[in-house]
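Welcome to this short tour. Keep your viewer open and follow along, one selection at a time.

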Amino acid sequence: MAPELHSFIEEHAALSQLMDQVREGYHTELYHKALDTIAHELEHHFLYEEKYILSRLANHITETEVGPIAKLKNEHNIIRKHYQEAMVLFQNHDPENPSQELVQKMGLLAYLLKKHIEKEDHYLFPLFSVILTQEEKAAIAHDVHLHTSTRKG
């Protein structure tokens, strides 16, 4: 695995553990934390993958209608949709009596994220590590570092 992708994998590990907890059942604080964490993932992690990795992968895989680029973007969009639905349910729920719909939606969202993480960590990132040039990998690391350091500052 390219070292330039390690930060993505570290974020995946933490998110995966949180999603395991979500799948265990309803807990208001846990759902709140999970939705906040997922929002961060959607705003940053997914964006970094799409902007910094997939844009460079497109130099090597020109087909964007099918294949790994299309698959990854499609999964991101499905997760975004389910996140929005879960957020609406959570914002309107009764903490003392959560709906079965909310519990099911959170379980589905956790499942989708875990499967997505598994695909990226075990299939896509190793593929990217082989396909991308060393210069492209270095540029990814630089771009992510630059973006995260300007956000913190």
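Start by selecting F125, which is buried at 0% relative accessibility (buried means under 20% relative accessible area, with a 1.4 Å probe and protein chains only). This is a predicted model, where local features need pLDDT of at least 70 and side-chain atom pairs count only at pLDDT 80 or more, while totals for chains, interfaces and linings use all residues. Residues are numbered from 1 along each chain as its sequence is written, and side-chain values use heavy atoms, leaving out hydrogens and water.

F125 and F128 form a tilted aromatic pair, 5.9 Å centre to centre with 50 degrees between the planes. Rings of Phe, Tyr and Trp (its six-membered ring) pair if their centres lie within 6.5 Å; planes under 30 degrees apart count as stacked, over 60 as edge-to-face and the rest as tilted. Both residues sit in helix 4 (residues 100-131), three residues apart and so separated by about one helical turn. Helices here are DSSP runs of H or I, at least four residues, numbered from the N terminus.

Next, select F8: ring pairs link F8, F125 and F128 into a cluster.

For the last stop, go to H82 in helix 3 (residues 68-91). Is H82 buried or exposed? H82 is buried, with a relative accessible area of 12%. Show K105, L108, L109 and L112 too: leaving aside neighbours within four places in sequence, these are the contacts of H82 (heavy atoms within 4.5 Å).

Terms used:
Helices (H or I, at least four residues) and strands (E, at least two) are DSSP runs, numbered from the N terminus. Buried means under 20% relative accessible area, exposed over 50%, partly exposed in between (1.4 Å probe, protein chains only).
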